[in-house]
Amino acid sequence: MNKQYQFILEPYKSLKSRITCPACQKKNQFARYINIESNEALSNIAGRCNREINCGYHYTPKQYYEDNKLNSFFDRTKVLKKHVKNIKPKENHSSEIPFDILKNTRKQYEQNNFYKYIENKIGNELALKVFSLYHVGTSKHWQGATIFWQIDYLGRIRAGKIMLYNKESGKRIKEPFPHITWIHKLTALKDYELNQCLFGEHLLRQFPEKQIAIVESEKTAIIAATYLPKFNWLATGNLNNLSRKRCQSLKGKTVLLFPDAGAFEIWKTKAKSLSDLASFIVSDLIETK
């Protein structure tokens, strides 16, 4: 038997049967060629990466033996470059939702549970003003549901997050299941890819002179905007959404962070890791008060 045909890609048994790809350096993605008799790997660079689209590295036993035919030592770097596919980098594409979809949701607030809760706290006039400022919508998906639209710095409608609240307490409805979904899941949008931005990001261009303040939930941003309108109140929508990708619009700015109770240390650590992007000041107001 020709020696290069004595080898097969190692069958998957567990993550231990996959090692770090020598080309893209992604862990548990590389299947080595092993000898079918001895079950030993030919080399840690002879094999195939599972990330065929994003890496495409594949170095066969035949190629390995040809490269070693004359020399006991060969250029590993040259091998890795040679056997990675020439893949065109994926464009940083941000899908948009048509304005007409948003426009058609900015009504029927008398049927919107979250609006009723806010109206009861601050009155109809101010409630309408803050809902208009954030382009908050009403959804028929669940009776009384609210749509929090994510509109980026350039005015592109990135996403619509649908949530259901109790109109009396203002708390999210989580039983018998968490009532949360997305507009794109309910609408036939061709080639749509979810790429979130900060809730309220459009205000940075509308009111560039205002101090930026960020909280976790959209609900908190809406309430804070009614009582402290001198700030641009933004929301991450999730504890872990304070990320470099979502904070690009904050570049070079000074930003106040108001993490939820129990999240102060988490956001303090994240703020430190993003300190090259913007100047973050983390407040423990919600944590302590």
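Student: What is the volume of the largest pocket?

Tutor: The model is a predicted one, and the value is computed from it. For the largest pocket, the volume comes to about 370 Å³.

Student: Which helix gives the most to the lining of the largest pocket?

Tutor: The largest pocket is lined by 16 residues, and those closest to its centre are Tyr165, Arg172, Ser217, Lys219 and Thr220. By class, this lining has four nonpolar, six polar and six charged residues. With four residues, the part that gives the most to the lining is the helix spanning residues 218-227, namely helix H8.

Student: How many charged residues are in the lining of the second largest pocket?

Tutor: The second largest pocket holds about 280 Å³ of space, and among the 15 residues that line it, Arg156, Arg158, Glu201, Lys245 and Gln248 lie nearest its centre. When the lining of the second largest pocket is divided by class, three residues are nonpolar, six are polar, and the number of charged residues is six.

Student: Is Ser95 buried or exposed?

Tutor: Ser95 is placed in the loop between helix H2 (76-82) and helix H3 (99-103). Because its relative accessible area is 5%, and the cut-off for the term is under 20%, Ser95 counts as buried.

Student: Which residue has the backbone nitrogen that the side chain of Ser95 reaches?

Tutor: If neighbours within four places in sequence are left aside, Ser95 is in contact with Ile157, Arg158, Asp191, Tyr192 and Glu193. At 2.8 Å, the backbone nitrogen reached by the side chain of Ser95 is that of Glu193.

How values were computed: Residues are numbered from 1 along each chain as its sequence is written. This is a predicted model: local features need pLDDT of at least 70, side-chain atom pairs count only at pLDDT 80 or more; totals for chains, interfaces and linings use all residues. Side-chain values use heavy atoms; hydrogens and water are left out. On a 1 Å grid over the protein atoms alone, a cavity is a set of points where a 1.4 Å probe fits but cannot get out, and a pocket is an open set with protein on both sides within 12 Å along at least five of seven lines; lining residues have an atom within 4 Å of a point. Grid points are joined across faces, edges and corners, and a volume is the space filled by probe spheres set on the points. Helices (H or I, at least four residues) and strands (E, at least two) are DSSP runs, numbered from the N terminus. Ala, Val, Leu, Ile, Met, Phe, Trp, Tyr, Cys and Pro count as nonpolar, Asp, Glu, Lys and Arg as charged, and the others, Gly among them, as polar. Buried means under 20% relative accessible area, exposed over 50%, partly exposed in between (1.4 Å probe, protein chains only). A polar contact is a pair of N or O atoms within 3.5 Å; within protein, one must be able to donate a hydrogen and the other to accept it, and residues adjacent in sequence count only if both atoms are side-chain atoms. Contact means heavy atoms within 4.5 Å.
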